[in-house]
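Here's a quick briefing to read alongside the model.

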Amino acid sequence: MSSATDELTTRETRPPEGGDRAQYGMCAFLALLGTAVIVDGLGIPHITSGTDPVGPRAVPLALGVLLVVVAALYAVDVARGGRGEPEAGEDVDLSQGSDWRTVLLLTGAFVVNAVLIEPLGWVISGTLLFWGTAFALGNRHYVRNLLIAVTLSLATFYAFAIGLGVNLPAGVLQGIL
């Protein structure tokens, strides 16, 4: 009895036969991206040497060709009715609308960071970014979040400067850091 019920449930939840426009859109995107990588790779001068007999064109051309091949295989799979299996662990209620307030707050945090990183420096703009992101995602422990944000921005500032040798802008804290 349970197998008949499972089969009925599977038939009811199975998407209709035929292509899914979103998946075909992804196929087109992959094909366009692969074509762009190939065209860009062909613009690289073909320079070889004794230590590099292949030259710098090989990797972009290979990746572009692989992207186009994957796009074609994906399109064939979609045309034959292939579907991705939904995540079993997702607890997203698809009947609810988008949370535009969170999206706008996150966008605002990133824009503020992009605008203020040069004049104020990474430590201050990064602190605002980390604190604003926590606020946008619903965390209301303001002081604790501020301390964590300052710690993260200082840690990343010094990790880039000392660990990677990349100097992030110090801004108004130039000479202090």
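This is a predicted model: local features need pLDDT of at least 70, side-chain atom pairs count only at pLDDT 80 or more; totals for chains, interfaces and linings use all residues.

Residues are numbered from 1 along each chain as its sequence is written, and side-chain values use heavy atoms, with hydrogens and water left out.

**Overall fold**
- The protein has six helices and zero strands, with helices (H or I, at least four residues) and strands (E, at least two) taken as DSSP runs numbered from the N terminus.
- Along the sequence, that reads α-α-α-α-α-α.
- Of its 177 residues, 16% count as buried; buried means under 20% relative accessible area, exposed means over 50%, and partly exposed is in between (1.4 Å probe, protein chains only).

**Helix pairs**
- Two packed helices are described by the angle between their axes and the distance between the axes.
- Here, axes are lines fitted to C-alpha atoms, for helices over the stretch in contact, and angles run from 0 to 180 degrees between N-to-C directions.
- Helix α2 (residues 21–42) packs on helix α3 (residues 58–79) at about 165°, with the axes 8 Å apart, so the two are roughly antiparallel.
- For α5 (residues 122–136) and α6, the axes come within 8 Å and cross at roughly 135°, so this pair is oblique.
- The labels work like this: under 35 degrees is roughly parallel, over 145 roughly antiparallel, 65 to 115 roughly perpendicular, and the rest oblique.
- As for handedness, α2 passes α3 in a left-handed crossing, while α5 passes α6 in a right-handed one.
- Left-handed means the near helix is turned anticlockwise from the far one by less than a right angle, and right-handed means clockwise.

**The loop between α2 and α3**
- G43 sits in this loop and is exposed, at 60% relative accessible area.
- G43 and R57 are 14 residues apart in sequence, with their C-alpha atoms 8.5 Å apart.
- P56 is in the loop between α2 and α3 too, and its 41% relative accessibility makes it partly exposed.
- From P56 to G41, 15 residues apart along the chain, the C-alpha separation is 8.5 Å.

**Surface patch**
- Y158, I162, I176 and L177 make a nonpolar surface patch of about 420 Å².
- Patch residues have over 30% relative accessible area and no salt bridge; like charges are joined within 9 Å, nonpolar side chains (Val, Leu, Ile, Met, Phe, Trp, Tyr) within 5 Å.
- A salt bridge is a side-chain nitrogen of Lys or Arg within 4 Å of a carboxyl oxygen of Asp or Glu.
- Accessible areas come from the Shrake-Rupley method with a 1.4 Å probe, and for residues only the protein chains shown count as cover.
- Y158 belongs to α6 (residues 142–164) and is partly exposed, at 34% relative accessibility.
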